[in-house]
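These are my notebook entries on a structure I looked through, kept in the order in which I looked things up.

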Amino acid sequence: MTAYTGTPVVSGKAYAKVLWASPQIQLGTCTTFLTPNQHETAFEAFRNAAQKVSDRLFERSAESVGTPSDILAMAATLATDPGLEERVKNYIFNENLPATYATDKAAHEFADTLRLAGGYLAERTTDLLDVKNRIIAVLQNKPEPGIPQLNEPTIIFAEDLAPADTAGLNPEMVKGFVTVLGGPTSHTSIIARQMGIPCIVAARDLQQIPQGTWVLINGDSGDIYTDPNPEYATAEVTQDNVLRERARNWQGPAQLADGHKVQLLANVQDGTSAEKAARFPVEGVGLLRSELGFLATSTEPSFETQRDFYTSVFNKFPNHKVVVRTLDAGSDKPIAWASLDDEENPALGVRGIRADGVHPHILPTQVAAVAAAATGRETHTWIMAPMVSTVAEARWFSSLVKPYGLKAGVMIEVPSAALMINEIFAEVDFVSIGTNDLTQYVMAADRLNSHLATYTSHWQPAVLRLIGQITAAGQKAGKPVGVCGEMAADPYLACVLIGLGVDSLSMAAPTVGSVGVQLSEVTLEQCQLAAQAALTIADPDKLREKVREILS
Ligand code: PEP
Ligand code: MG
């Protein structure tokens with residue numbers, strides 16, 4: 001049994017045969033060039049292939065529902081994107097490249113443009129390169145790459161998984177994902193979390209494990225064992241399944257083994273996702289990502305439209321807490337009517353509350369719309385601003401919210417806000433730690449860059465120590481501290497966070513069961529010991545091991 005390792009992102013164990021997905025198409029160097037009389041035919045061949053790929057993806061989209069359907073439809077649109085077509089035309093007509101090479105070059109060039117744009121557009125590069133592979137496969141008369149129809153339990157290995165690969169997968173047959181690239185917030189991790197299957201990313205030596213090898217993967221430790229003893233592997237997975245069954249049946253509300261209460265909340269983005277979240281044992285919404293509800297609109301929605309949007313969420317949680325985050329436009333969430341174009345470094349640019357300097361009317365209108373939706377109902381409405389980095393911003397935001405009688409808070413995701421936390425607490429009623437961005441900014445590591453997973457790992461002690469300073473300030477001020485980044489969904493880290501003094505954890509609703517079960521098995525003293533480890537152990541892997549030992 002040989003061991004390999006990667007960054008664990010979704011817990012659980014799986015034992016099955018490996019299937020490598022989406023092998024990259026290697027075209028080699030182009031040696032045969034087109035003559036001018038072949039240009040039209042080559043371009044026509046590209047257009048037909050792109051149309052075929054688009055049609056197939058749209059067909060799969062129509063057969064799926066919800067997020068997978070949206071993802072497939074988006075990939076289908078990319079296949080016939082004029083930006084791609086124009087570039088292919090240029091390579092065929094001006095550089096005499098055959099359709100396959102022109103497609104390859106054009107897609108990489110287009111991908112670079114998307115990557116430079118940053119944020120959501122940058123995330124589309126994996127989709128674009130996947131679509132490119134499909135078009136080339138059609139041009140070469142080969143089956144489209146990706147994941148074939150699965151007939152037996154399988155662990156999918158890939159360089160990185162494109163949304164079009166994972167959308168519509170048979171959840172009965174897919175037992176886990178392991179990728180060479182990817183990070184804690186990459187597409188693969190998000191889908192694995194939704195499917196509730198173990199997932200490991202940034203497994204550098206994965207290519208050494210061939211197709212068809214039996215592997216045991218551990219999404220808690222990041223270990224991948226090849227050819228393990230079948231009885232041992234089956235026993236490990238059976239025991240893990242018992243835990244997962246308990247997570248599915250967990251009813252809430254959350255409390256530790258000694259009765260210490262913990263509030264578990266859901267991250268949502270609109271009324272539909274709030275409705276789904278309300279089916280899980282959550283005690284409310286800890287993060288309404290309001291900007292995601294308005295991503296598709298090209299102009300600013302009216303006050304009434306915004307009010308109705310918040311009403312649709314409040315309706316699903318009539319007597320619960322709902323924390324609305326004001327527009328986090330910019331960077332990875334560009335919004336046509338609120339973001340700036342052409343920023344050199346959008347993650348360090350005009351995003352979140354900073355957009356107020358450019359569009360001063362947006363935030364007051366949004367707060368008024370939230371307040372109007374909250375009027376006359378039992379929902380406990382809290383409002384918080386994203387990307388706050390100065391005390392003055394916190395003071396100003398609070399002054400905007402307080403006249404409506406709602407709780408005013410800020411997200412702590414910028415290191416400067418964490419360092420000024422005592423003064424910030426003097427201005428607001430609560431804070432919520434956005435660990436996705438806090439990690440990105442503390443570690444100076446782009447959260448979307450799949451080469452930086454070790455930096456953006458949730459176990460980086462630098463981030464945990466900073467969280468310790470925030471919770472200490474919260475306790476001193478007697479004000480609540482929540483966590484709403486992906487870190488909160490990791491059962492062991494959830495215990496560490498509680499040990500550090502966090503009051504509430506907000507996460508994708510399907511993950512509350514596994515967090516709730518883990519919390520129920522440990523005492524506050526154990527959580528505090530785990531937190532102590534986070535404040536003293538410098539190495540992320542050693543820290544994870546120690547925390548597991550303390551909490552197991
Ligand atoms: C975060 O940064 O942790 C967070 C919750 O906000 P988002 O992921 O939407 O940036
Ligand atoms: Mg954030």
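Entry one, a loop residue. I looked up Asn-96 and found this residue in the loop between helix H3 (82-95) and helix H4 (99-117). In this model, which is predicted, Asn-96 has a positive phi of about 60 degrees, although the residue is not a glycine. I noted this because most residues other than glycine have a negative phi.

Entry two, a peptide bond. I next checked the bond between Gly-252 and Pro-253, which is cis, with omega at about -5 degrees. Pro-253 belongs to the loop that runs between helix H8 (230-249) and strand S9 (263-268). I kept the entry because most peptide bonds are trans.

I asked which residues come nearest to ligand 1, and they are Arg-289, Arg-325, Lys-333, Asn-436 and Arg-447, out of the 15 residues around the ligand. Sorting this shell by class, I wrote down eight charged, four polar and three nonpolar residues.

On its own, ligand 1 has 280 Å² of accessible area, of which the protein covers 99%. The elements that give two or more residues to the shell are strand S10 (284-289) and helix H16 (435-443), and H16 supplies the largest share, three residues.

How do helix H19 and helix H21 lie relative to each other? The axes of H19 (residues 491-500) and H21 (residues 524-536) come within 7 Å and cross at roughly 90 degrees; this angle falls in the range of 65 to 115 degrees, so I recorded H19 and H21 as roughly perpendicular to each other. On the H19 side I listed Cys-495, Val-496, Ile-498, Gly-499 and Leu-500, which meet residues of H21 including Leu-524, Cys-527, Gln-528 and Ala-530. The residues of this contact divide into 10 nonpolar and two polar, with no charged residue.

Note on methods: Residues numbered from 1 in each chain as written. Chains lettered and ligands numbered in written order. Predicted model: local features only at pLDDT ≥ 70, side-chain atom pairs only at ≥ 80, totals over all residues. Heavy atoms only, no water. Near = heavy atom within 4 Å. Areas by Shrake-Rupley, 256 points an atom, 1.4 Å probe, with all protein chains shown as cover. Helix = DSSP H or I, 4+ residues; strand = E, 2+ residues; numbered from the N terminus. Nonpolar A, V, L, I, M, F, W, Y, C, P; charged D, E, K, R; others polar. Axes fitted to C-alpha atoms, helices over the stretch in contact; angles between N-to-C directions. Parallel < 35°, antiparallel > 145°, perpendicular 65-115°, else oblique. Contact = heavy atoms within 4.5 Å.
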